[in-house]
Amino acid sequence: MGIFSRFTDIVNANINVMLDKAEDPEKIIRLMIQEMEDTLVEIRSAAAKCIADRKELGRHMDHLERDQKAELAVRKGRDDLARAALAERARVEERVEVLRSQHAQVDDGLERLKEDITRLEEKLADAKTRQKALVMRHQTASKRLDVRKHTHENKIDDALVRSE
């Protein structure tokens, strides 16, 4: 049993080391930023659809509220048509109330989408700032390694020249 557990530990350790070497923080941040931008586009699209739905509901409510059939029937002296028009008007008022509640729900959803967009834009700006900092840190570290390498090469060359 001890041999197998040691073997699995060694394999797991080597796999972890390989994954650590393969993991590039710059690429991961770039991927995260891309995913955030894609999500932002989707949210903005959903917000545009909500705005269109809201306008359509508003137009439909205005159309229903402007219905003047009862008044026209009374002016023409048709009481039977006026009663039917008033009954229809009551049904229309109920539909308008339902549409108003839907309009309020759409407004709430639109407000939430706007908040989501704002939060995501803030996170995206933060991620881009972190990406820039990471790239600059990586460049600085690479330059330091190059300087150290050249410094050590010169020391080795000097040591070899001295020994000759």
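Is Asp107 buried, partly exposed or exposed, and what is its relative accessibility? Asp107 counts as partly exposed, at 27% relative accessibility. Here buried means under 20% relative accessible area, exposed means over 50%, and partly exposed lies in between (1.4 Å probe, protein chains only). The model is predicted: local features need pLDDT of at least 70, side-chain atom pairs count only at pLDDT 80 or more, and totals for chains, interfaces and linings use all residues. Residues are numbered from 1 along each chain as its sequence is written, and side-chain values use heavy atoms, with hydrogens and water left out.

The protein has four helices and zero strands. Helices (H or I, at least four residues) and strands (E, at least two) are DSSP runs, numbered from the N terminus. Along the sequence the pattern reads α-α-α-α. Of the 164 residues in the protein, 18% are buried. The accessible surface comes to about 13500 Å². Carbon and sulfur atoms account for 56% of that surface. Accessible areas come from the Shrake-Rupley method with a 1.4 Å probe; for residues, only the protein chains shown count as cover. Contacts (heavy atoms within 4.5 Å) were also examined by sequence separation. Among those between residues at least 6 apart in sequence, 88% join residues at least 24 apart.

Salt bridges come next. A salt bridge is a side-chain nitrogen of Lys or Arg within 4 Å of a carboxyl oxygen of Asp or Glu. Side chains of opposite charge can pair when their charged atoms come close. By this rule the count is eight salt bridges. Asp107 takes part in one of them, with Arg54 as its partner. Their closest N and O atoms are 2.9 Å apart. This pair links distant parts of the chain, as Asp107 lies in helix H4 and Arg54 in helix H2, 53 residues apart. Arg54 is partly exposed, at 34% relative accessibility.

Another salt bridge joins Lys128 and Glu37, with 3.3 Å between the closest N and O atoms. Lys128 lies in helix H4 (residues 79-163) and Glu37 in helix H2 (residues 25-65), so the pair ties together parts that are 91 residues apart in sequence. Lys128 is partly exposed, with a relative accessible area of 35%. Glu37 is also partly exposed, at 28%.

Asp53 and Lys49 form a further salt bridge (3.3 Å, N to O). Both residues lie in helix H2. They are four residues apart, about one turn of the helix. Asp53 is partly exposed, with a relative accessible area of 33%. Lys49, in contrast, counts as exposed at 53% relative accessibility.

Arg112 also lies in helix H4. At 52% relative accessibility, Arg112 counts as exposed. Arg112 and Ala47 are 65 residues apart in sequence. In space, their C-alpha atoms are 9.3 Å apart.

A nonpolar surface patch is made by Phe7, Val11 and Ile15. The patch covers about 260 Å². Patches are made of residues with over 30% relative accessible area and no salt bridge: like charges are joined within 9 Å, and nonpolar side chains (Val, Leu, Ile, Met, Phe, Trp, Tyr) within 5 Å. Val11 sits in helix H1 (residues 2-22). Val11 is partly exposed, with a relative accessible area of 31%.
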